Amino acid sequence: MTAETRSFQAEVSKLLKIVANALYSEREVFLRELISNAADACDKLRFLSISNPDLTSGDSTFAVRLSADKDAKTLTIADNGVGMNETELDENLGTIARSGTSAFVDELTGDAKKDVGLIGQFGVGFYSAFMVADQVEVLTRKAGEDKAWLWKSDGLGEYTVEPAEKATRGTVITLHLKDDASEFLEKSRLQQIVRTYSDHIPFPVTFIAGEAADDAGETLNKASALWTRAKSDVSESDYKEFYHHVGHAFDDPWLTVHWKAEGRIEYHALLFVPTQRPFDLFNPERRHHVKLYVKRVFITDNVEGLVPSWLRFVKGVIDCQDLPLNVSREMLQKNPVVASVSQAVTKRILSELTKKAEKDPEAYAEFWKAFGAVLKEGLYSDGMEHRDALLALARFRSSTGEGLVGLSEYVGRMKEGQEAIYYIAAETEEAAAASPQLEGFRKKGVEVLYLTDPIDEFWVQMLYDGYDGKPLKSITRGGADLKSIKSADAESDKPADTDADKSTDQGAISALVASVKLSLGDLVKDVRTTDRLADSPVCLIADEGDMDMNLERMLRQHKQLDQAAKRVLELNPEHDLIRTLAERVKSGASGPTIDDAAHLLLDQARILEGEPIPDTKAFTRRLSAVMAKGL
């Protein structure tokens, strides 16, 4: 019987060109598609043999075999799966977007449909072979039948089908490679592709050079998906080895999270939290490092929304049974399944981190040091969705200097009369600890949290209702009232002066405040006294409704803000310098003496804040004059 020439269905030749030339972004994907189809054929036969063991009689070990012949410039992909007969060849390879796998799955019902791990349900993967081949031959024999068939096509609109000879069941696909596709004859290149895309399919993929049919070949893949195994069957060394492989990492995992989700959406997940901070943690792209598999076949490592960007330090694999893909398998469709998987995975990771924090606080402190800044991004970007869990995980340095503190711990040791959680935002912990605004809080024994990550300035603004009913207040803003807070030492709450002295001093201080305000004019927003200082005479703060000073400083550094807002100058009425100046004003001093003193106080406050002095020449003149008078 001679070969019969047949035409592809109407418009199929045009669609085939699209599949072969535009559907896939990487040519190497053709091998993934053909190996996936071969694995599907093996999986299909394995399922059918449950009810009909004769189908696999004499050959029950499934495998996929690659062979390359450099002289003939051919690459062969062979399997001992279910194979096809003439009708199925015509239906499956003569019609794009019709898949034998899809039809097979449609006929299954109930648990049987769940049990078959088949991915080739789109009917176009086979045609990716024409990206690298100018002619494709398919020799196939269906399990349980005697006849074999040979399908040939150059992908230009027609194909032929003819009877053939094949001693065993299965399918052999021979690709006559194009001149620019010789790289796919090299074992090292094929091995790299197999390990990237097909390392974990449940059948061995072997390689044979030339046509040595009797050669068992070298196995290119592991043929075992670690994440599909029970946790009790996986050793610690297995987890570490897989982490090094999937994460391209040299450290050991700090936390391993391995589970199988069942129910409406089924998936396996094997995720790792590194011990060391990855070098690209703060890359502007903020991409996550979780690979997506579908039924053990690698799809992509760049699925937007699969894992939130603030968990981008997590590495590992998610293998979903139900995730819908487009026909190229390279891009996820917009589908609520993705959001559901992301939500469940995020909750599970946060839950495991919470357990670790409670069980081993010291180890968790090391984790927070490496990844806390990234985790806090979720407080800003995710709004209310995971806020409570993230707030429970958040840790801070504080003015107590006793390691890290959580918000619940902070609230638990708030002072009597304290109604707010106080914090100071600064570039470093040392800068925060040296801030003059901290002095009054430290004197009262009020704990202040140090927020030293840039993201801190943004997420605190999202906590409109605070934490546990307690608002978060910056001590570098107005509105921090310490008078109502009881300190641990009752003596420190008592006024140092008698009522008569206090009355006299208050009048003098008020006169000084008025004089300084008059001298400085528009250089400051206001001048007033404060109880937030102890050792320093002055400080600058942002008014209660204004932007925090550290945030403003950040925005100016990044050219996001052109002009600084006017600040409030606060005077410490208990400081000797302020008392002395108040007495001078009370005694009638005015003019240049008070004017110079006012400007020197402002410049001193600027220096304490680490800000530049706008007029260094005037500052030097004033300081020299004061020193000359003093000497």
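Helix 7 (residues 236-247) has twelve residues, which at 1.5 Å a residue should span 16 Å; its end C-alpha atoms are 16 Å apart, in agreement. The expected span is 1.5 Å times one less than the number of residues in the helix. This is a predicted model, in which local features need pLDDT of at least 70, side-chain atom pairs count only at pLDDT 80 or more, and totals for chains, interfaces and linings use all residues. Residues are numbered from 1 along each chain as its sequence is written, and side-chain values use heavy atoms, with hydrogens and water left out.

**Overall**

- The chain holds 20 helices and 21 strands. Helices (H or I, at least four residues) and strands (E, at least two) are DSSP runs numbered from the N terminus.
- Of its 631 residues, 49% count as buried. Buried means under 20% relative accessible area, exposed over 50%, and partly exposed in between (1.4 Å probe, protein chains only).
- Among contacts between residues at least 6 apart in sequence, 71% join residues at least 24 apart. A contact has heavy atoms within 4.5 Å.
- The accessible surface of the chain is about 30300 Å², and 49% of it belongs to carbon and sulfur atoms. Areas come from the Shrake-Rupley method with a 1.4 Å probe; for residues, only the protein chains shown count as cover.

**Helix 7**

- Tyr239, Phe242, Tyr243, Val246 and Gly247 are the buried residues of helix 7. Seen down the helix axis, they fall within an arc of 105 degrees, so they line one face. The arc is that of the directions from the helix axis to the C-beta atoms.
- Their cover includes strand 10, strand 11, strand 12 (289-294) and strand 14.
- His248 follows helix 7 and has a positive phi, near 50 degrees.

**Helix 8**

- The 24 residues of helix 8 (residues 336-359) should span 34 Å at 1.5 Å a residue; the end C-alpha atoms are 35 Å apart, which agrees.
- Its buried residues include Val337, Val341, Val345, Ile349 and Glu352.
- The buried residues of helix 8 pack against strand 10 (253-261), strand 11 (267-274), strand 14 (315-320), helix 9 (361-375) and helix 11 (387-393).

**Strand 7**

- Thr174 is in strand 7 (residues 170-177). Thr174 is buried, at 16% relative accessible area.
- Leaving out residues up to four places away in sequence, Thr174 touches Thr74, Leu75, Thr76, Gln135, Val136 and Glu137.

**Salt bridges**

- The whole structure has 40 salt bridges. Each places a side-chain nitrogen of Lys or Arg within 4 Å of a carboxyl oxygen of Asp or Glu.
- Arg189 pairs with Glu28, with the closest N and O atoms 2.9 Å apart. Arg189 lies in helix 6 (residues 187-197) and Glu28 in the loop between helix 1 (12-21) and helix 2 (29-51), so the pair ties together parts 161 residues apart in sequence. Glu28 is buried, at 12%.
- Arg32 and Glu33 form a salt bridge at 3.0 Å, N to O. Arg32 is buried at 1% relative accessible area, and Glu33 is buried at 0%.
- Asp596 pairs with Arg622, the closest N and O atoms being 3.4 Å apart. Asp596 lies in helix 19 (residues 592-608) and Arg622 in helix 20, so the pair ties together parts 26 residues apart in sequence.

**Surface patch**

- Leu623, Met627 and Leu631 make a nonpolar surface patch of about 350 Å². Patch residues have over 30% relative accessible area and no salt bridge; like charges are joined within 9 Å, nonpolar side chains (Val, Leu, Ile, Met, Phe, Trp, Tyr) within 5 Å.
- Met627 lies in helix 20 (residues 616-630) and is partly exposed, at 48%.
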